[in-house]
Amino acid sequence: AKIEDVIASISSEIKNNLTTFINYASKLPGFDELNRNEIFEITKKNMFTAFSFKSSKLFIDGEFYYLLSNNIQFSLKWVKIVFGLDVCKNDIKFLNQINTCQLTNIELSILIPYLIALFSNYAIFKKRFYLIIIVYYT
């Protein structure tokens, strides 16, 4: 596969995933108090996290088995090229650990927004998020 084909396909996938995630997160307790722009900024800055957790069950034995729309396997090699090794190194390790928990799709879908918020550097959101989490999840 050529890098141009991979980037074109992953760009489309990311756009679709971003839209899906924003719609999903905006309906969750706590997240529904944030406006779409806040959710968009948080997700944009944590795109690999959002993408990888959604696809976490496709990380198997140190490889990523995500099939792009043009039938190219978005292997770990491509993940590192597209997202950068520094961006994804810790997430990959964490995903391998999450996979050992054998979470259901529902459990993962609840965990994804929480982890994105937890890992976010978006200071205003972090302060509001912790207040919201205390109200809704404790």
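Does Gln102 count as buried or exposed, and at what relative accessibility? At 70% relative accessibility, Gln102 counts as exposed, where exposed means over 50% relative accessible area, buried means under 20% and partly exposed is what falls in between (1.4 Å probe, protein chains only). Gln102 is found in the loop between helix H5 (85-100) and H6, and its phi is near 50°, a positive value in a residue other than glycine. Asn71 also has a positive phi without being a glycine, near 65°. Asn71 is in the loop between strand S3 (66-67) and S4 and counts as exposed, with a relative accessibility of 62%.

A word on what sits behind these values. This is a predicted model, in which local features need pLDDT of at least 70 and side-chain atom pairs count only at pLDDT 80 or more, while totals for chains, interfaces and linings use all residues. Residues are numbered from 1 along each chain as its sequence is written, and side-chain values use heavy atoms, with hydrogens and water left out.

On confidence, pLDDT is the predictor's own score for each residue, from 0 to 100. The protein chain averages 77, and 82% of the residues score at least 70. Confidence is lowest in helix H7 (residues 123-137), at a mean of 64, and highest in strand S4 (residues 73-74), at 89. Where pLDDT is low, the predicted coordinates should not be read in detail.

As for the overall layout, the protein chain has 7 helices and 4 strands. Helices (H or I, at least four residues) and strands (E, at least two) are DSSP runs, numbered from the N terminus. Along the sequence they follow the pattern α-α-α-β-β-β-β-α-α-α-α. Of the 138 residues in the protein chain, 40% are buried.

Helix H3 stands out here: 7 of its 8 residues are buried, so H3 is largely enclosed by the rest of the structure. The buried residues of H3 are Met47, Phe48, Thr49, Ala50, Phe51, Ser52 and Phe53. Phe48 has a relative accessible area of 4%, and its C-alpha atom is separated by 9.1 Å from that of Val79, 31 residues apart along the chain. Over in helix H1 sits Phe21, which counts as buried at 10% relative accessibility.

Next, the aromatic rings. The structure holds 3 aromatic pairs; rings of Phe, Tyr and Trp (its six-membered ring) pair if their centres lie within 6.5 Å, and planes under 30 degrees apart count as stacked, over 60 as edge-to-face and the rest as tilted. Phe59 and Phe64 make a stacked pair, at 4.2 Å centre to centre with 20° between the planes. Both partners are buried, Phe59 with a relative accessible area of 5% and Phe64 at 0% relative accessibility. Phe64 also pairs with Phe74: the ring centres are 6.2 Å apart and the planes are at 70°, so this pair is edge-to-face. Phe64 lies in strand S2 (residues 63-64) and Phe74 in strand S4, so the pair ties together parts that are 10 residues apart in sequence. Phe74 is buried too, at 0% relative accessibility. Ring pairs link Phe59, Phe64, Tyr66 and Phe74 into a cluster.

There is a charge-over-ring contact as well. The charged end of Lys77 sits over the ring of Trp78, 4.5 Å from its centre; the criterion is NZ of Lys or CZ of Arg within 6 Å of the ring centre and within 35 degrees of the ring normal.

The largest pocket has a volume of about 360 Å³. On a 1 Å grid over the protein atoms alone, a pocket is an open set of points with protein on both sides within 12 Å along at least five of seven lines, and lining residues have an atom within 4 Å of a point. The volume is the space filled by probe spheres set on the points, with a probe of 1.4 Å. The lining comprises 20 residues, of which Phe53, Lys54, Ser55, Ser109 and Ile112 lie nearest the centre. Helix H1 (3-25), helix H3 (47-54) and helix H6 (105-119) are the elements that give two or more residues to this lining. By type, the lining divides into 11 nonpolar, 7 polar and 2 charged residues, with Ala, Val, Leu, Ile, Met, Phe, Trp, Tyr, Cys and Pro counted as nonpolar, Asp, Glu, Lys and Arg as charged, and the others, Gly among them, as polar.
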